[in-house]
Amino acid sequence: MAIFGKKKKEEAPEEQVDPSKLVKVDKPFESLPPSSQIPKQNELTTEQEEKYNKVLKHFQNPELEVFTTEKNPIEKRKLSNVEKAWLTKECFLRYLRATKWVTEDAIKRIEGSIAWRREFGITGENDEVTPDLVSEENETGKEVILGYENDARPILYLKPGRQNTKTSFRQVQHLVFMLERVIDYMPAGQDSLALLIDFKQYDDVPNVGGGKIPPVNTGRQVLHILQTHYPERLGKALLTNIPWLGWTFLKIIHPFIDPLTREKLVFDEPFPNYVPVEQLDKLYGGYVDFKYDHSKYWDPMNKIAEDKKKHYHDRFEKFGGKIGLSEYDLRGDHEDLVYPPKEYYKVDSRLSVEA
């Protein structure tokens with residue numbers, strides 16, 4: 001396939017929207033639009049089921065300890081309840097797919113991600129990456145969670161042209177923070193997200209640090225984090241308003257983008273083809289009249305995410321706090337388990353049991 005192809009831009013999508021259909025919005029949507037449909041998941045083959053069970057058994061071992069850092073690992077500790085809640089059926093399947101169903105590689109990658117999450121400060125317990133830490137980074141609305149696309153993926157808008165700070169590690173922390181929040185917004189049955197990346201430049205945001213296209217080193221660091229610690233999370237990435245410098249940046253980092261990820265990139269196509277107009281920003285042809293106001297957006301966005309996260313963890317405890325529970329059960333509202341996990345160790349005696 002060609003590396004990248006650039007299309008000629010036509011009339012701005014917002015100029016084609018009927019003003020009478022616009023609805024003012026200043027915070028994220030909490031639920032799906034009626035037209036969004038969650039795709040049915042593929043059934044596992046017998047071989048895939050066996051490999052999944054090997055990974056599940058490894059992490060259900062109550063004696064398991066995992067390194068506390070990704071870099072220069074020395075110390076290990078057991079899994080916390082929050083980490084156990086992260087180790088879902090879908091989590092194991094994402095890493096298995098990313099490692100082409102090599103169980104040893106999947107286990108290594110999952111343990112590496114647990115160590116990275118501990119070191120980065122996003123375990124869910126005494127986190128270093130907090131709303132207060134990254135609030136300044138988002139004052140101009142350069143990253144926004146807003147709406148769901150056709151397959152019920154929550155949407156994270158990335159707007160490099162609204163960059164308001166100089167290049168720093170906090171920018172990476174900010175992106176990871178927003179990724180964690182958009183994951184909180186996922187509905188039951190959907191475990192991937194959509195990115196809408198707009199490279200448009202904005203005159204109301206001062207140019208700091210010499211430019212708004214991220215440095216290549218930062219791009220590589222972010223790609224490493226996404227591909228290593230968020231495998232199979234990207235469902236679709238829509239890119240628009242890409243300037244010549246943006247195309248140059250994309251071509252430079254192209255070799256570092258996983259081939260499967262490249263297939264999910266869509267360039268300069270109408271966003272209404274992928275997102276219901278009732279939850280799409282008017283700038284891209286939707287009916288949502290959205291103008292970012294940090295004072296109105298930031299706290300509600302975090303409150304909605306925290307409420308959804310609490311719902312998830314409350315149900316984790318309700319269903320026994322077991323490793324391997326399904327995100328469908330944890331994010332849903334139904335009373336009984338739909339996907340009960342196998343249990344390889346008795347809680348009291350810690351003796352292995354047959355599947």
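Reader: What should I keep in mind about numbering, confidence and atoms here?
Author: Residues are numbered from 1 along each chain as its sequence is written, and side-chain values use heavy atoms, without hydrogens or water. As the model is predicted, local features need pLDDT of at least 70, totals for chains, interfaces and linings use all residues, and side-chain atom pairs count only at pLDDT 80 or more.

Reader: At what angle do helix 4 and helix 6 pack?
Author: Helices (H or I, at least four residues) and strands (E, at least two) are DSSP runs numbered from the N terminus. Axes are lines fitted to C-alpha atoms, for helices over the stretch in contact, with angles from 0 to 180 degrees between N-to-C directions. Helix 4 (residues 103-120) and helix 6 (residues 169-184) have axes 12 Å apart, and their packing angle is about 120°.

Reader: Which word describes helix 4 relative to helix 6 at that angle?
Author: Angles under 35 degrees count as roughly parallel, over 145 as roughly antiparallel, 65 to 115 as roughly perpendicular and the rest as oblique. The angle is about 120°, which makes helix 4, relative to helix 6, oblique.

Reader: Which residues of helix 6 meet helix 4?
Author: Contact means heavy atoms within 4.5 Å. On the side of helix 4, the residues are W116, R117 and F120. Their partners in helix 6 are F169, V172, Q173, V176 and E180.

Reader: How many residues of helix 6 are buried?
Author: Buried means under 20% relative accessible area, exposed over 50% and partly exposed in between (1.4 Å probe, protein chains only). Helix 6 is mostly covered, and of its 16 residues the buried ones number 14.

Reader: What angle do the axes of helix 1 and helix 3 make where they cross?
Author: The axes of helix 1 (residues 46-60) and helix 3 (residues 89-98) come within 10 Å. They cross at roughly 120°.

Reader: Which residues of helix 3 make the contact with helix 1?
Author: Helix 1 contributes K51, Y52, V55, L56 and F59. Helix 3 contributes K89, F92, L93 and L96.

Reader: Is R315 buried or exposed?
Author: R315 lies in helix 10, which covers residues 294-318. Its relative accessible area is 6%, so R315 counts as buried.

Reader: Which residues does R315 contact, leaving aside neighbours within four places in sequence?
Author: The C-alpha atoms of R315 and L325, 10 residues apart along the chain, are separated by 10.0 Å. With neighbours within four places left aside, the contacts of R315 are D329, L330, G332, D333 and H334.

Reader: Is N126 buried or exposed?
Author: N126 lies in the loop between helix 4 and helix 5. Its phi is near 50°, a positive value in a residue other than glycine. The relative accessibility of N126 is 79%, so N126 counts as exposed.

Reader: And A152, is that residue buried or exposed?
Author: A152 sits in the loop between strand 4 and strand 5 (154-158). Phi of A152 is also positive, near 70°. At 0% relative accessibility, A152 counts as buried.

How values were computed. Expected span 1.5 Å × (residues − 1).
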